[in-house]
Amino acid sequence: MTDLLKNPIFNDETAAREWLEARVWPEGPVCPHCGATEDDVTKLEGKAHRPGVYQCSECREQFTVTVKTVFERSKIPLTKWLAALFLMTASKKGVSAHQVHRMLGVSYKSTWFMMHRLREAMRVGGLSPLGGVVEADETYFGDVPEAKRPTKSTKGRKFTKGGRSGPSGKRAVIALVQRGGKVRSFHVAVADGETVAQIVNENIAHEAHLMTDESRLYTKVGENFALHGTVTHSHGEYVRTDDVLKDGKYVPTKIHTNTVENYFSVFKRGMRGTYQHCAEKHLHRYLAEFDFRYNNRSALGVEDNARAETLAAGIVGKRLTYRRPH
Ligand SMILES: [Zn+2]
């Protein structure tokens, strides 16, 4: 970290902008309005222009690297944005807005706002289904205010461990983790059979082996997969080895949900330790942050610098659905 802080991108606005340009436009500038590249895009040099402005000859618009990104229209210098970005990607358990605010000398409100925009940049969509062995589970975290709790009239039955009704006063999170691979987590209004089935069907390849506990939430959807292995936690069963038919041979396969449970424990520890107060409407962004760190972890060969570069490339084209806090 000490060497990192000497990097000019945290002190020099031009260095910061050029670093960002190289990540957002690895093959040269792209007009964010019409997609024009190369000869159609000219850098405007000289004192008459703000630094970093490009002119598109295709649509005649001008732009900088932050147009149509989560940094758009921010008055915060890019050096501060990049410092926040590196702090967030280098902290294993997350970093609080109070700490970043003190380290960067940016107001708490602005820091909070920057960090939520960076979480937005961590969100990924349009991914192909997870394959191999995928563990699915649901958990509950944080309170839902009385007025917002699902009522009896809510469509579908809520099930939880052992098939009991889910705690309606808690926020439900569903996570899918590919063993040795990546995670996808979802904040849902109600973890009922219909919701769970939709998430599982859309995000896991049907050739995959699905692993869950005995919850009835997964019984029906489990039939869509090459294998649905379940462990009966309520009977004290956590890991079992079954011989599973694979490519014409029986292969010993471990049936458990320990990977997804570990993910949940990292998430809960991080939320309790670093982000004590989280409004429900922001929970999906915190989940995106924990997913991002898990999916770009050292064990998958992703180190701090590469993680920061991945996030920088992710600032483009994210829709912002919230406003600055008052
Ligand atoms: Zn253009």
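This is a predicted model: local features need pLDDT of at least 70, side-chain atom pairs count only at pLDDT 80 or more; totals for chains, interfaces and linings use all residues.

Me: OK, which strands pair with β4, and in what sense?

Reply: β4 (residues 133–143) and β7 (residues 209–213) pair in the parallel sense over three bridges. With β5 (residues 170–178), β4 pairs in the antiparallel sense over nine bridges. Strands here are DSSP runs of E, at least two residues, and helices are runs of H or I, at least four, numbered from the N terminus. Two strands pair if DSSP finds at least two bridges between them.

Me: What's the bridge partner of E138 in β5?

Reply: I174. For V134, the partner in β7 is L210.

Me: What order does the open sheet of three strands have?

Reply: β1-β2-β3, with antiparallel pairing. Its edge strands, each pairing on one side only, are β1 (41–43) and β3 (62–63). Between β2 (residues 54–56) and β3 there are two bridges, and Y54 has F63 as its partner in β3.

Me: Switching to α3: how many of its residues are buried?

Reply: 12 of the 13, so α3 (residues 78–90) is largely enclosed by the rest of the structure. Among them are W81, F86 and M88. Buried means 20 or more other C-beta atoms within 10 Å of a residue's own, exposed 12 or fewer, partly exposed in between, with C-beta atoms placed from the backbone.

Definitions and conventions: Residues are numbered from 1 along each chain as its sequence is written. The expected span of a helix is 1.5 Å times one less than its number of residues.
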